[in-house]
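Good morning, everyone, and thank you for making the time.

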Amino acid sequence: TRDTTGPIARSARDLVLLHETVTGEVPPVLSNVAGKRIGLPVEYFWEIAVPDVVDLCRDALQRLVSAGAVIVDIDPAEIVDLDRRSGATLSSFESRADLEAYLADFAPSISFGDVMAGIASPDVRDLLLPLLDPDGPFTRAAYTEALSIRSRLQAAYERLFVDNRLDAIAFPTCLMPAFRLDQAFIDLPYVGSQPVFPAMIHNTAPGSNAGLPGISLPVGLTGQGLPVGLALDGARGGDAGLLALACAIERLLVHS
């Protein structure tokens, strides 16, 4: 339910070419970002990001404001709550069902438990080990309820976009820059040490769960030379409009 193909390209324009090829839909061309309304969900999405990431993303937003974009403070409390109540159950329940079906077809000598025992990343292993318990939290009843909550999440996002007349929602793609491959925990502002996997997907999870189109644009390098991205989520079904906005923003960030 949450899985979405995520193409990686050298530019937003290249993503437009891919979108045109796959869908036959040609996004509009925006000459600038003047008048575009960008939602800023400080709570949850911004407040615990590391300072280098926040500074680079806020600098990018300030350049948008200087070009005429409008920043709109929004309250993400409802979407965050509904995502927390549905996202993990959906991905966990479906992970076991799909992986067991795959193993049955292609590797019948390997059990689901064998795969769990072989997970190298400790934070991912801790997330998935509860799937071995038949009486654990990820039952079919919980899954059915999570699907219902996800529908409410999609409706909440729609209201957020309509009520605030938003063209996109902006936030740091990740709370932190890239971490070492052997690193299991990372320190984040206000919350301290956190497992890297949930920290890494923290900001992109709600939109992914709701099926929104999203894009990440590079906005600079930290003092350690690590890249930082600014994420933009669009309204559900608004892929073409989001790509057009991303192209306009990219031109502005590259040439300003």
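Predicted model: local features only at pLDDT ≥ 70, side-chain atom pairs only at ≥ 80, totals over all residues.

**Charge pairs, cysteines and a helix**

In general terms, side chains of opposite charge can pair when their charged atoms come close.

How many salt bridges does a search of the whole structure find? The search finds six, and I will describe two further examples. One of them joins E100 to R96, with the closest N and O atoms 2.8 Å apart. Both of these residues belong to helix α5, which covers residues 87–106, and they are separated by four residues, or about one turn of the helix. E100 is partly exposed at 33% relative accessibility, and R96 is also partly exposed, at 26%. Another salt bridge pairs R180 with D182, where the closest N and O atoms are 3.2 Å apart, and here both partners are exposed.

Turning to the cysteines, a search of the whole structure finds zero disulfides. C57 takes part in none, and the nearest cysteine sulfur to it, that of C174, is 10.0 Å away; since a disulfide would require the two sulfur atoms to be within 2.5 Å, C174 is in no disulfide either, its nearest cysteine sulfur being that of C57. Are these two cysteines buried or exposed? C57 is buried, with a relative accessible area of 0%, whereas C174, at 25%, counts as partly exposed.

Finally, I would like to look at helix α8, which has 25 residues, numbered 140–164, and reaches 36 Å from its first C-alpha to its last, close to the 36 Å expected at 1.5 Å a residue. Its buried residues include Y143, I149, R150, L153, Y157 and F161. What do the buried residues of α8 pack against? They pack against the helices α4 (77–84), α5 and α10 (205–210), and also against the strands β3 (168–172) and β7 (227–233). Just after α8, R165 adopts a positive phi of about 50 degrees.

That is where I will stop, and I am glad to go back to any of these sites.

Methods: Residues numbered from 1 in each chain as written. Heavy atoms only, no water. Buried < 20%, exposed > 50% of the residue type's maximum accessible area, 1.4 Å probe, protein only. Salt bridge = Lys/Arg side-chain N within 4 Å of Asp/Glu carboxyl O. Helix = DSSP H or I, 4+ residues; strand = E, 2+ residues; numbered from the N terminus. Expected span 1.5 Å × (residues − 1). Contact = heavy atoms within 4.5 Å.
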